[in-house]
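Here is a short briefing to read alongside the sequence and the model. Have a look at the structure first, and then we can walk through it together.

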Amino acid sequence: MPKIGVFVCHCGSNIAGTVDVEKVAAAARTIPGVVVACDYRYMCSEAGQETITKAIREYGLDGVVVCSCSPRMHEATFRRAAEREGLNPYMVEIANIREQCSWIHKNREEATEKAIVLMRAAVAKVKRDTPLTAGRSGVTRRALVIGGGIAGLSTALDVANAGYEVDIVEKEPTIGGKMAQLDKTFPTLDCSACILTPKMVEAAQNENINLYTYSEVEKVSGYVGNFTVTIRKKARFVREDRCTGCGACMEKCPSRKAKNEFNCGLNTRSAIYIPFAQAIPNVAVIDAQHCLKLQTGKCGVCEKVCAAGAIDYTQQDELIQREYGAIVAATGFQPIRPYQFGEYGYGRYPDVITSLELERLMNAAGPTDGELRCPSDGRKPKNIVFIQCVGSRGQTCRDKSYCSKICCMYTAKHAMLIRDHWPDMDVHVFYIDVRTPGKNFDEFYRRAAEEYQVDYRKGQVGKIYEEDGHLMVQGSDLLEDRQVLMPADLVVLAVAVEPSPDARKLATMLTASMDNNDFFTEAHPKLRPVESPTAGIFLSGMCQGPKDIPETVSQAGAAAAKVIGLLSKKELTANPCTAHPEEVRCNGCGECEKVCPYGAISYEEKELRVMGRREKRRVAVVNTALCQGCGACTVACPSGVMDLQGFSNRQILAEVDAICR
Amino acid sequence: MKQYSYFPGCTLKEKARELDLYARQCAEKLGFSLQELPQWQCCGAVYPMASDEIAPKLSAVRALEKARQQGQDLITVCAACHHVIKRVNDDMKQGGDIADRANRYLGFDTPYEGQTKVVHYLEVLRDEIGFDAIRARVEKPLTGEKIGAYYGCMLLRPSGVMQFDDPESPSVLENLLAALGADPVEFPMRNECCGGYRVVDDAQAAGHTARRVIENALKNGVEELVTACPLCRYNLKKVAGGQIRVSYFTEVLARALGLLKEGGINA
């Protein structure tokens, strides 16, 4: 019979206040196999650990049960203590008599009785514990960052500056993301491009960073430390190594009807184009759909004017395969297109625009050279109405349920800038609540309302319609308790943000989980906010949830720190508590693969010896590097052959028996 | 010829007789028939706001159950009746406390659980007959007539339950008018409230709301307004004076199909 020691912790009065710890220790002594049982004030203290190691030494213990707090708190502490004394760390079990007992009960007798039951279950389990050894695997010292906006760039720069190689994959022809489209940033009102473009240049010049623009991730395989990724480099029809970014092709291109994405479609661009002046790489790209040469075979003007000979109409997509140790999702967001809100008439009235469109209308490099003009007829607006929470915080299927977080601040910014540049314009803001937590944020909003006399009205807008050549905004003012009807030349909708539409596809490739809104889920909302539950996948920026630029950069840095921590390891120790099928009894049905959230299970044809005969069978195989030990497969397996090491079916049933006895 | 169980409603027997009459005549011409439910009772006129009271909903449940027995869809023409019956049907479908209590009280052989499909006359025209088929039957096209479709609230909202049309930019009436050869005018206030029952307790407030609709219609060049709701027609007509004609959609339908005799109701 294995020799077991039981150690009961008082945790000051946390446990001992409700549980009679001496009685628990005494009860342990009556269990066959328990050769020593004692209680101590703080088992996690040096002296407490010493009690355990001394007992292992003196009694030659085969297993240890510590009755204390949640295993999330000190399981590692006690395992290390046991390991120091030469006992396999997986021969230590924790009975949680604090969170699951003393803290939630008031009656001392009942709590003590329950603590004894929990202890008994742990003893039953430890008797069936087997020594486990963690596997090891190498680490490819290179990170992949998916998305080249401010989140991806920040993470990539931090990782690169720590001395590791980083590849950035960006689906657009240039890095920079949404921040490049913004005019000014709150609450400091500094120019967005002025603070972003140095970062872009730094990324391009950093020798540890490799940019794949106009590229997308096609396939991901492998596991933490050892990912293999296929990247599709889309055909630009322009040779990056030759193009000098002179822009001659853009000037001469006869096809000029494509909507300019960078200006939110407010103006047009040529079929061959560089998205904006500070684009990186500063290399043209041909939009095949609008290119006359590629569509009809007739034209070829850009090829003729290109002095560098960079145009190549025959270019094909290229597939590149690379190895990575860590992957960072930084796929960002997009503002919704609010067509489903018929009451606002977006799409019907050209002077109803979104906030991002306003950014372009106010930007010196925008379609109006920074002069605020109505898109319908180019007149200078007199009355401007902002509507907040368009598509956010709603309860219908049209809306996002969440708060998009950035809109209150950027609307205050827009309102303030308009009043500052054009004091003759009147600005009204309809809001549900003004939410401005953040350093210097509320002061910023108050400045807009008080100093710049922006007319804030608590209430929502129910209808926008055209009358006598201008828009009429019909809404409610809840503070004055009345309906309001005001004319407007320009209506700006602060629309909800949503994750990039490509994020879902990527999450599937990465086996990273997502919430109902398609935001990536973090491993723990408080304690592991930049890691995905899938090992080796990290999260940076808006892809995890709405956040502003300062918050995005902080999170990007945190993700970088996690990546650096991973890449700095010589080898990785895997959790040995992984699933293992008993091959001989496995019938290869496929149920376990279906439930595995980590893509750790596959099937192989194996030659097995069954009842003295050799036969070929399809059986489940667990990739222990991917397996996180969740146990879903052990429950799904209809033949009960999938077992979790350290939590085997046998052990769990023994615990149940011990509890029910 | 598809047959529908028809719930006309009280107003259609009195003040809004043309709504009822032309609906029947046009149906015959377009190839479906309205079979009036035997012994129907008032729908209640307003969907009751009290969420714990079954009494005002019972007559609607009875009508729905009768239609189920006939194995027919239940058709309505009056917007208010449609609103009440469709929403009560949804309550029964949801199967909550109200449904349970209504069924216990009424004691049908098998409980009524929202099996009947409730359709508005306009939905039948759009989804069953089709506007192309209607266009083909037009005898006196309303060429050049600037008609504004007035929807009001009852048919459209709450949109999740009514499932009638896009509540913010509806199109069924305009499409019908276009099929009849008219020149439909989309005016912004076509889905705003007419004042509704406020006319009973605060005629001034109701008048104010209705006037906004009329003024907006006039501004957009509307010469005639059509509606499916007797109350909307009453409120709008009151403030319209002689400036604008307010009719039921069935009237203009009958006119275009060549069913209307000179001088009003051809009873």
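In this predicted model, 20 residues of domain 1 of chain B are in contact with 16 residues of domain 2 of chain B. On the domain 1 side of that contact, helix H1 (17–30) and helix H3 (79–94) of chain B are the elements that each give two or more residues.

**Domains of chain B**
- The side of domain 1 that touches domain 2 takes its largest share, seven residues, from H3(B).
- By residue type, this side of domain 1 of chain B splits into ten nonpolar, five polar and five charged.
- Domain 1 of chain B spans 2–121, and domain 2 spans 141–256.
- The centres of the two domains of chain B, taken over C-alpha atoms, are separated by 23 Å.

**The sheet in chain B**
- An open sheet of four strands runs in the order E2-E1-E3-E4 (chain B), with parallel pairing.
- Strands E2 (32–36) and E4 (118–120) of chain B each have a single partner strand, so one side of each has no neighbour in the sheet.
- On average, neighbouring strands of this sheet are turned by 40° against each other, direction ignored.
- Strand E3 (residues 74–76) of chain B pairs with E4(B) in the parallel sense over three bridges.
- Opposite B:His120 in E4(B) stands B:Thr76.

**Chain B with chain A**
- Between the chains, five residues of chain B are in contact with five residues of chain A.
- The chain B side of this contact comprises one nonpolar, one polar and three charged residues.

Technical notes:
Residues are numbered from 1 along each chain as its sequence is written. Chains are lettered from A and ligands numbered from 1 in the order in which they are written. This is a predicted model: local features need pLDDT of at least 70, side-chain atom pairs count only at pLDDT 80 or more; totals for chains, interfaces and linings use all residues. Two residues are in contact if their C-beta atoms, placed from the backbone, lie within 7 Å. Ala, Val, Leu, Ile, Met, Phe, Trp, Tyr, Cys and Pro count as nonpolar, Asp, Glu, Lys and Arg as charged, and the others, Gly among them, as polar. Two strands pair if DSSP finds at least two bridges between them. Axes are lines fitted to C-alpha atoms, for helices over the stretch in contact, and angles run from 0 to 180 degrees between N-to-C directions. Domain bounds come from an automatic or database domain assignment.
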